[in-house]
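Here is a short briefing for a reader meeting this structure for the opening time. Look at the sequence and the model, then read the points by topic.

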Amino acid sequence: MTEHQTGGPAGASPHELLLESEDIASFLDALSGRIAQALSTDGDEVWCAVTLLRPKRSSTVASSSPAAEALDEIQYHYGDGPCLTASRENRLVHVPDTRSDPRWPEYGRAAAAHGILSALGVPLDLAGEASAALDVYADRPHKFDRATIEVIQREVASASSALRLAVRMEKHRDAEADLKAAMASRTTIDLAVGIVMGQNRCTQEQAFDILRSASSHRNVKLRDLAAELVTTVGQGPATTHFDR
């Protein structure tokens, strides 16, 4: 590793990267690319990707390059490997030499055939939100010494903290959007009820029953029917009356 690599990848911190990214996916792409670039040296290339475990299948959600995604696919094909194990068991997994590691012989042979001679799986701590790991591949054996692994672990720990924050912020945004949508829907329905009360000279409860009956009869959601009525009345004299 170069001098700046032993202290960690140069540039913005993971939290700063997150602030500069449009979404979580672009943040993970930037993170993968930065680590891969920092670890690559003249004559040695490193590829990074992020594996996310889902109930039915695993997938690569970010990568430093298309080649990194292709390397992940080798593990998915065999259903096992260092990075999948790191995700499942939430622990660091190091393969110094894919040609001689006895844990995943089929994967090791396939990886070596694709020029991958060492690999590292570093779990991302998402506090139970999901299971994921940073996948790091190199084209020479014993690429990742103890100092390099410690640098990567520190970077991943910082990235995990940023990711947990991003997930919480996204949940809050979704909840706020849902609340605003619900309030807008409720307001529209209340306006529609008022219109029906005026048109049919009935009580609020009767007006709501009329709307609900029309919604069921037309197979249209109540809020959509209410919005249609409010829009129609807003454009001029009401032309539609709902029969009781």
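Arg140 is partly exposed, at 32% relative accessibility; buried means under 20% relative accessible area, exposed over 50%, and partly exposed in between (1.4 Å probe, protein chains only). This is a predicted model: local features need pLDDT of at least 70, side-chain atom pairs count only at pLDDT 80 or more, and totals for chains, interfaces and linings use all residues. Residues are numbered from 1 along each chain as its sequence is written, and side-chain values use heavy atoms, with hydrogens and water left out.

**Salt bridges**

- Arg140 and Asp44 join their side chains in a salt bridge (2.7 Å, N to O); the term means a side-chain nitrogen of Lys or Arg within 4 Å of a carboxyl oxygen of Asp or Glu.
- This pair links distant parts of the chain, 96 residues apart: Arg140 is in the loop between β5 and α7, and Asp44 in the loop between α3 and β1.
- Helices (H or I, at least four residues) and strands (E, at least two) are DSSP runs, numbered from the N terminus.
- Asp44 is buried, with a relative accessible area of 18%.
- A second example is the salt bridge between Asp80 and Arg88 (3.3 Å, N to O). Asp80 is partly exposed at 28%, and Arg88 is partly exposed at 45%.
- Asp101 and Arg103 also form a salt bridge (2.6 Å, N to O). Asp101 is buried at 13%, while Arg103 is partly exposed at 40%.
- Shared partners join Asp44, Arg140 and Lys143 into one salt-bridge network.
- The whole structure holds 9 salt bridges.

**The sheet**

- An open sheet is formed by 5 strands in the order β2-β1-β5-β4-β3, with antiparallel pairing. Two strands pair if DSSP finds at least two bridges between them.
- β2 (58-63) and β3 (93-95) are the edge strands, and each pairs on one side only.
- β3 and β4 (residues 118-124) run antiparallel and are joined by 3 bridges. His94 has Leu120 in β4 as its bridge partner.

**Nonpolar cores**

- The largest nonpolar core has 26 residues, of which Leu134, Val136, Phe144 and Ile152 touch the most other members. Such a core is a set of buried Ala, Val, Leu, Ile, Met, Phe, Trp, Tyr and Cys residues joined through side-chain atoms within 4.5 Å.
- At least two residues of this core come from each of α3 (24-39), β1 (46-53), β4, β5 (131-138) and α7 (146-200).
- α3 gives the largest share, 6 residues.
- Apart from this core lies another, of 17 residues, among them Val95, Trp104, Ile116 and Ala119.

- Helix α5 (residues 82-89) is largely enclosed by the rest of the structure, because 6 of its 8 residues are buried.
- The buried residues in α5 are Pro82, Cys83, Leu84, Thr85, Ala86 and Ser87.
- Thr51 sits in strand β1 and is buried, at 1% relative accessibility.
- The side chains of Thr51 and Asp72 make a polar contact (3.3 Å). A polar contact is a pair of N or O atoms within 3.5 Å; within protein, one must be able to donate a hydrogen and the other to accept it, and residues adjacent in sequence count only if both atoms are side-chain atoms.

**Positive phi**

- Most residues other than glycine have a negative phi.
- Asn90 has a positive phi, near 55°. Asn90 lies in the loop between α5 and β3 and is exposed at 51%.
- Asn219 has a positive phi, near 60°. Asn219 is in the loop between α8 (204-218) and α9 (222-234) and is exposed at 71%.
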